[in-house]
Amino acid sequence: MIDNLYGYSKEEVEKLIHVDFENGKLFWKERSEDMFHTSPNPLKQCGWWNRSFAGKECGCVCDYNGVLYRRTNLNGKSVLNARVILFLHHSYNEPKLVVD
């Protein structure tokens, strides 16, 4: 078992994403200006990000052999939303575990 999800700890993922466990959905949380410290204009980038994504459902729907899954990009890696939910609920990531 691994205690991170593509380099993110549970606490870091919880800063970025809200989980609706009842409906199995992920939503982007509002971000603070300090999360854009590498941007030339953090205030502008933060405002744009929050207007564009905060409160919206994470990821996009992808077809895998005729089955539709929702995937989200975390740390440059595409990850199944179901895996993010599993990680946030149980605090571990098991890459070989089939999550559907």
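Q: Why is Asn41 called partly exposed?
A: This is a predicted model, and in it Asn41 has a relative accessible area of 38%. Buried would need under 20% and exposed over 50%, so Asn41 falls in between and is partly exposed. You will find Asn41 in the loop between S2 and H2.

Q: What makes the pairing of Asn41 and the backbone nitrogen of Lys44 a polar contact?
A: A polar atom of the Asn41 side chain lies 3.2 Å from the backbone nitrogen of Lys44. The limit for such a pair is 3.5 Å, so this distance is within it.

Q: Is Asn65 buried or exposed, and how do you know?
A: Asn65 has 69% relative accessibility, and the cut-off for exposed is over 50%, so Asn65 counts as exposed. Its place is the loop between strand S3 (60-64) and S4.

Q: Why is the link between Glu14 and Lys10 called a salt bridge?
A: Their side chains meet at 3.9 Å, N to O. A salt bridge needs the nitrogen and the carboxyl oxygen within 4 Å, so the pair qualifies. Both residues lie in helix H1, four residues apart, about one turn of the helix. An α-helix has 3.6 residues a turn, so residues three or four places apart point the same way. Glu14 has a relative accessible area of 32%, so it is partly exposed.

Q: What makes Arg70 and Glu57 a salt bridge too, and where do they sit?
A: The side chains of Arg70 and Glu57 come to 3.3 Å, N to O, which is within the 4 Å limit. The pair links distant parts of the chain, with Arg70 in strand S4 and Glu57 in the loop between H2 and S3, 13 residues apart. Arg70 is at 27% relative accessibility and Glu57 at 29%, so both count as partly exposed. By this rule the count comes to two salt bridges.

Q: How do you know that S1 and S2 pair?
A: Two strands pair if there are at least two bridges between them, and S1 and S2 have four, in the antiparallel sense. His18 stands opposite Phe27 in S2. The two strands form a hairpin with four residues between them, and Gly24 in the turn has a positive phi of about 65°.

Q: Why is helix H3 described as largely enclosed?
A: Seven of the ten residues of H3 (residues 81-90) are buried, so the rest of the structure largely encloses this helix. Asn81, Arg83, Val84, Ile85, Leu86, Phe87 and Leu88 are the buried ones. They pack against several elements, including helix H1 (10-16) and strand S5 (77-80).

Q: Which residues touch the most other members of the largest nonpolar core?
A: Ile17, Leu26, Leu74 and Val84 do, out of 17 residues. The largest share of this core, four residues, comes from H3. Beyond its close sequence neighbours, Leu74 is in contact with residues including Leu5, Ile17 and Val84.

Methods
Residues are numbered from 1 along each chain as its sequence is written. This is a predicted model: local features need pLDDT of at least 70, side-chain atom pairs count only at pLDDT 80 or more; totals for chains, interfaces and linings use all residues. Side-chain values use heavy atoms; hydrogens and water are left out. Buried means under 20% relative accessible area, exposed over 50%, partly exposed in between (1.4 Å probe, protein chains only). Contact means heavy atoms within 4.5 Å. A nonpolar core is a set of buried Ala, Val, Leu, Ile, Met, Phe, Trp, Tyr and Cys residues joined through side-chain atoms within 4.5 Å. A polar contact is a pair of N or O atoms within 3.5 Å; within protein, one must be able to donate a hydrogen and the other to accept it, and residues adjacent in sequence count only if both atoms are side-chain atoms.
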